[in-house]
Amino acid sequence: MTITDNILYFDACNTNELAEQYGTPLIVLSESELIRKSNEIRDDFLEKYDNVRAVYASKAFLNTAICKIINREGLGLDVVSGGELYTALHAQFPAEKIIFHGNNKSYAELKMAIEAGVGRIVVDNASELDLIAHLTSALNLPVNILFRITPGIHSDTHAYIATADKDSKFGFPLETIPSAYALAEKSPNIIPLGLHFHVGSQLQNTTAHLSALDVALGLIEQLHDMGTRVFELNTGGGYGVKYTETDTEMPLRDFTDPIMARLKSWASKTGIDRPQIIIEPGRWLVANAGLTLYRVGASKHIPGIRTYISVDGGIPDNIRPALYTAKYRAVIANKMQAPLSEAVTIAGKCCESGDILIKDIRLPQTRRGDLLAVFGTGAYTESMSSNYNYLPRPAVVLVNQGHASLIRTRESYSDLIRRDIVPKYLE
């Protein structure tokens, strides 16, 4: 991010010119930042440790262009639905580098995954294991699996993005793993390779990861005593990013080094071979590679209370503030050197009182037509977008050192009714 002539530049692209060319709201992704983060994964994890892998958690942001970038940068891909899997396969992402997650995979989704030859299916529950056994037998095709466990630990994050409590919709209860593992080993086409856990998202320390790791290692020891070897341990992602000034910007090594040190100590103490370790960064890789540009519209001043500044987006392009009070930083992209003269609240245009993007932010004097840039929107904005209030979803532009490429077109009004069918009696 740089400033020239009072204008915000993002990856050397003039944000005002991007807004004029592609319209607003507009999601802008920096390819340079994606490359920098990928290099950090390579330098501080993949090349630093033996027998490790890194997989991008694509639910943070996915389309065919991103699949191409992730594959080019040498990372695997984590998908959680048939739609994400279809997108990856359509982008010719190597199936053997795909890990398929999800707590309620359908018959059709699992069939697609097995027939495509995905690298791993993370089995979430006993009924899914039964379904996979049936499918692999019917198709006469093998599949590698990991068992997702519920570690039963608390994560210091919002309840909606905490995933490791014992009362969670995700994963096998710990006490059921030995019998599930034994059942899988008896299935001729199922190859159980190991375990997976995920403790939550937007974490600012390693406490939850290390607690879950200790639980997983205890389970590995139990399986070892039964004569079963765990070849892989997927420790998930959830690494936090800097959204506001109060957040901590943590490099990848601050999460991975303590995990690897704990594993080294454990292997030395127990004499058990350390399994291959897999990490799944998602938000950490793409969040701060993105920003969203909005055009300022109406304003409303309530004396003694607050001033509302409304923009041409909101809940449909970023539901996170309304869903779990997510916070962001923002600037007026065409007034970067103007004094921060007023405290305002940024409102979206939807018919919802909760459609507030940012509360009580200091900005320059703001007028209709100004350009608001909200930072950190590369993750879980576009991927959670909707057509609420029948607003078309925004375009997405990939920028790299002054060059801009459209990677997702803006929806039109005609797109909103494209799937509608009028019964003949209503014509």
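Q: Which residue in strand 18 is the bridge partner of Val 344?
A: That's Ile 361. A quick word on the model: it's predicted, so local features need pLDDT of at least 70 and side-chain atom pairs count only at pLDDT 80 or more, while totals for chains, interfaces and linings use all residues. Residues are numbered from 1 along each chain as its sequence is written, and side-chain values use heavy atoms, with hydrogens and water left out.

Q: What makes strand 17 and strand 18 a pair?
A: Five bridges link strand 17 to strand 18 in the antiparallel sense. Two strands pair if DSSP finds at least two bridges between them, so strand 17 and strand 18 qualify. The elements themselves are DSSP runs numbered from the N terminus (helices are H or I, at least four residues; strands are E, at least two).

Q: How do you know that strand 15 pairs with strand 17, and in which sense?
A: Three bridges connect strand 15 (residues 306-311) with strand 17 (residues 342-347), and the sense is parallel. Look for Ile 309, whose bridge partner in strand 17 is Ile 346. Strand 17 therefore meets the pairing rule with strand 15.

Q: Why are strand 1 and strand 3 called edge strands?
A: Start with the sheet: three strands in the order 1-2-3, open, with antiparallel pairing. Strand 1 (2-4) and strand 3 (13-14) each have a single partner strand, so one side of each has no neighbour in the sheet.

Q: How many bridges join strand 1 to strand 2?
A: Three, and the two strands run antiparallel. Strand 2 covers residues 7-10, and its Leu 8 stands opposite Ile 3.

Q: What do strand 20 and strand 21 form, and how many residues lie between them?
A: They form a hairpin, and two residues sit between the strands. Strand 20 (residues 395-400) and strand 21 (residues 403-408) run antiparallel and are joined by five bridges. Asn 400 has His 403 in strand 21 as its bridge partner. In the turn, Gln 401 has a positive phi of about 50°.

Q: Why are helix 7 and helix 8 called oblique?
A: Their axes cross at roughly 50° and come within 11 Å. Axes here are lines fitted to C-alpha atoms, for helices over the stretch in contact, and angles run from 0 to 180 degrees between N-to-C directions. Under 35 degrees counts as roughly parallel, over 145 as roughly antiparallel, 65 to 115 as roughly perpendicular, and the rest as oblique. Helix 7 (residues 177-186) and helix 8 (residues 207-225) cross at roughly 50°, so they come out as oblique.

Q: Which label do helix 8 and helix 9 get, and why?
A: Helix 8 and helix 9 (residues 253-270) pack at about 25°, their axes 11 Å apart. That puts them in the roughly parallel class, so that's what they're called.

Q: What is the hand of the crossing between helix 8 and helix 9?
A: Right-handed, and the crossing of helix 7 and helix 8 is right-handed too. The test is how the near helix is turned from the far one: anticlockwise by less than a right angle makes a crossing left-handed, clockwise makes it right-handed.

Q: What makes the phi of Gln 92 worth a look?
A: Gln 92 isn't a glycine, yet its phi is positive, at about 65°. You'll find Gln 92 in the loop between helix 4 (82-90) and strand 7 (98-100).

Q: Which form does the peptide bond from Thr 24 to Pro 25 take, cis or trans?
A: Cis, with omega near -10°. Pro 25 is in the loop between helix 1 (15-22) and strand 4 (26-30).
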